[in-house]
Amino acid sequence: MPVVTVVAGAVLVALLLAPVLRALVARFAVPEGEPWCEACPLCGRPVGRLLPPTGRCPGCRGRLGAGPGAVEAVAAAVAVAVAWAADGPQAAALAWAGAFGVALGFTDARVRRLPYRLTGPLLAGVAVLLAVAALAEGRPGVLLRCLLVALAVGALLEVAVQIGALGPGDSPLGLALGGLLGWYGWWVAIGGLAAAVVLAGLWGTLRVTALLVRRRPWRGLEVPVGPFLLLGALTAVLAR
Ligand SMILES: [Zn+2]
């Protein structure tokens with residue numbers, strides 16, 4: 001298939017899916033301990049299943065959820081990357097992770113949190129789709145490696161959660177991404193984690209530099225880890 005067709009198809013799918021992802025971000029990007037945002041805080045209109053790309057409530061035009069065009073742009077970029085990396089039945093699991101990854105990335109960036117309401121379906125979907133892919137390819141043995149890598153990455157991140165370096169939502173995300181990367185092999189999983197560390201480090205350095213340049217006071221640096229785990233995993237799959 002010509003590259004232009006693949007890119008156009010991926011962007012189209014992303015734009016069709018973006019209103020759903022936007023509604024998920026609006027609903028679940030709430031600070032720990034607060035109820036899910038089921039209605040617009042300004043006018044009370046239910047958030048519903050779909051939100052427009054304007055980043056505004058369709059009822060009162062007030063700001064609601066992610067900024068204008070942001071979810072659409074990221075979803076389109078992720079969809080093109082997923083389409084680029086797709087080379088077998090496991091691509092369905094990759095696409096599933098890409099969609100939930102966009103919602104999780106925006107949620108973590110906004111409220112430093114990866115809610116189980118998003119990591120749960122991500123994990124379940126990846127598990128089911130990888131199982132289907134393994135059966136379709138006639139090599140169910142690959143699932144054992146997916147399971148082992150998922151447990152290894154999940155356990156590693158859980159240790160970081162226990163010592164307070166990460167938030168509680170990072171280990172279920174690690175399970176899901178570990179399972180997915182396990183399909184491609186141990187080295188891809190290790191590469192994904194390494195890429196996440198490098199990208200988070202670069203982002204942290206940029207943030208510190210910006211604070212120093214603007215002579216802002218130093219109040220610690222909270223880098224949301226979720227988006228970098230997701231970006232690292234995607235980078236590793238693309239670079240394999
Ligand atoms: Zn409203």
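**View 1. The largest nonpolar core of the predicted model comprises 57 residues.** A nonpolar core is a set of buried Ala, Val, Leu, Ile, Met, Phe, Trp, Tyr and Cys residues joined through side-chain atoms within 4.5 Å. Residues with the most contacts inside this core are L21, L122, L173 and W183. Two or more residues each are given to the core by α1, α2, α3 (91-111), α4 (116-136), α5 (142-162), α6 (170-184), α7 (186-213) and α8 (226-239). The largest share, nine residues, comes from α3. Helices are DSSP runs (H or I, at least four residues), numbered from the N terminus. Buried denotes under 20% relative accessible area, exposed over 50%, and partly exposed in between (1.4 Å probe, protein chains only). The model is predicted: local features need pLDDT of at least 70, side-chain atom pairs count only at pLDDT 80 or more, and totals for chains, interfaces and linings use all residues. Residues are numbered from 1 along each chain as its sequence is written, and side-chain values use heavy atoms, with hydrogens and water left out.

**View 2. A salt bridge joins the side chains of R22 and E72 (2.8 Å, N to O).** R22 belongs to helix α1 and E72 to helix α2, 50 residues apart, and the pair thus links distant parts of the chain. Both residues are buried. The structure holds five salt bridges, each a side-chain nitrogen of Lys or Arg within 4 Å of a carboxyl oxygen of Asp or Glu.

**View 3. E32 and R113 meet through their side chains in a salt bridge (3.4 Å, N to O).** E32 is in the loop between α1 and α2, whereas R113 is in the loop between α3 and α4, 81 residues apart. E32 counts as exposed because its relative accessibility is 59%; R113, at 13%, counts as buried.

**View 4. The side chains of R240 and D87 form a salt bridge (2.5 Å, N to O).** R240 lies in the segment after α8 and D87 in the loop between α2 and α3, 153 residues apart. R240 is partly exposed, at 41% relative accessibility.

**View 5. L144, L147, L148, L151, W186, W187 and I190 form a nonpolar surface patch with about 790 Å² of accessible area together.** Patch residues have over 30% relative accessible area and no salt bridge; nonpolar side chains (Val, Leu, Ile, Met, Phe, Trp, Tyr) are joined within 5 Å, and like charges within 9 Å. Accessible areas come from the Shrake-Rupley method with a 1.4 Å probe. Helix α5 supplies the largest share of the patch, four residues. L147 lies in this helix and counts as partly exposed, at 49% relative accessibility.
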